Amino acid sequence: MAPAQRCPLCRQTFFCGRGHVYSRKHQRQLKVALERLLPQVEAARKAVRAAQVERYVPEHERWCWCLCCGCEVRKHLSHGNLTVLHGGLLEHLASPEHKKATNRFWWENKAEFQMKEKFLISPQDFARFKKSMVKSLDSYEEKEDEVIKEMAAQIREVEQSRQEMVRSVLEPQTVPDPEEGSSAPGSWNGTSSQVASTSQQPSYLDLPPAPELDWMETGQPLTFIGHQDTPGIGNIHSGATPPWMVQDEDCSSGNQQIGPSYEEFLKEKEKQKLKKLPPDRVGANFDHSSSTSAGWLPSFGRVWNNGRRWQSRHQFKTEAAARNKQQSHKGKTLMAS
């Protein structure tokens, strides 16, 4: 009888020697395992002529299982903040250790000889991949430089617009005083032309242009007679106190407390706590504010509920008599002094 051997593909122990690798089950498991690895190898083979370089992300830390070598291989090749897609798998497939392991795996499992070349990368293909990787790195750096230049241009544009806006706000603007102006029609025409010209200038707030003052160009002399304010009644534009800041007579007359006091709040809080307790509990209707006389007797044998009730009664009376004796003795000493 042949010694026991274990097949890692079938995951079972067999006793038929080398005849197991020719069995239908082993060949089916071998085909499924190779087809599982083949798509990853084909995707890596496509990257030989056109390597792809991307910015590093945590998703690039992927590993794949090499069936021939029996170990995990890094799928992508990362360095710093750059990642070459399928670079790690191509480097492993082109290594001489992988070629030796592939030959041994094909010999031990009797796989199809035509499929072995699909899982190997020749040194010429790997050299071609290195050249394409260098070109891809150069083009990626050029794109990054262009992106950085565009971002710098946008930053300069925003900074320039901000400086122009600040400059336009800080520049002193001369506004003619209507009281100093003449009542002649010519002066009003000049003023209206200045207003119209200033209204046509662009503003950083994108306000609509001021309407044309046609009523000033009628030719009739107009005179400014000043602001007409009602005496005794002010508003916020004339410097008066706003109505919402004027104190009411009720509030200014006395310090009236609003809401419940702190003692009432504590009492209400204690009531809310008692409402959460069961209403039929022992002592629920007991009045804690009532005074207890000396004739009150407990309904249990002292604190630890030991002994009989008459013993507790006698002990309570003895303690009350001693207490009264001490109080009377203190009163006599005070009167004597």
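Throughout this tour, Ala, Val, Leu, Ile, Met, Phe, Trp, Tyr, Cys and Pro count as nonpolar, Asp, Glu, Lys and Arg as charged, and the others, Gly among them, as polar. The model is predicted, so local features need pLDDT of at least 70 and side-chain atom pairs pLDDT 80 or more, while totals for chains, interfaces and linings use all residues. Side-chain values use heavy atoms, without hydrogens and water, and residues are numbered from 1 along each chain as its sequence is written.

**Stop 1: the cavity**

Select Leu37, Val41, Cys64, Trp65, Cys66, Val73, Leu89, His92 and Leu93, the lining of the largest cavity. A cavity is a set of points, on a 1 Å grid over the protein atoms alone, where a 1.4 Å probe fits but cannot get out; a pocket is an open set with protein on both sides within 12 Å along at least five of seven lines, and lining residues have an atom within 4 Å of a point. Grid points are joined across faces, edges and corners, and a volume is the space filled by probe spheres set on the points. The structure holds one cavity of 30 Å³ or more, and the volume of the largest is about 30 Å³. By class, its lining has eight nonpolar residues, one polar and no charged. Now colour by element: α1 (24-46), β4 (63-66) and α2 (87-93) each supply at least two of the lining residues. Helices (H or I, at least four residues) and strands (E, at least two) are DSSP runs, numbered from the N terminus.

**Stop 2: the second largest pocket**

Next, pick Pro8, Leu9, Leu67, Phe105 and Asn109, which are the closest to the centre of the second largest pocket among its 28 lining residues. This pocket has about 690 Å³ of space. Its lining comprises 14 nonpolar, eight polar and six charged residues. β1 (5-7), α1 and α3 (96-109) each bring at least two residues to it, and α1 gives the most, with seven.

**Stop 3: the core and its rings**

Buried means under 20% relative accessible area, exposed over 50%, and partly exposed in between (1.4 Å probe, protein chains only).

Rings of Phe, Tyr and Trp (its six-membered ring) pair if their centres lie within 6.5 Å; planes under 30 degrees apart count as stacked, over 60 as edge-to-face and the rest as tilted.

**Stop 4**

The whole structure has four aromatic pairs. One of them joins Tyr262 and Phe265, tilted, at 6.4 Å centre to centre and 35° between the planes. The two are three residues apart in helix α7 (residues 262-275), so about one helical turn separates them. Tyr262 is exposed at 56% relative accessible area, whereas Phe265 is partly exposed at 46%.

**Stop 4: two positive phi values**

Finish with Lys110, in the loop between α3 and α4. Its phi is positive, about 55°, although it is not a glycine, and at 23% relative accessibility Lys110 is partly exposed. His86, in the loop between β7 (82-84) and α2, has a positive phi near 60°; at 14% relative accessibility, His86 is buried.
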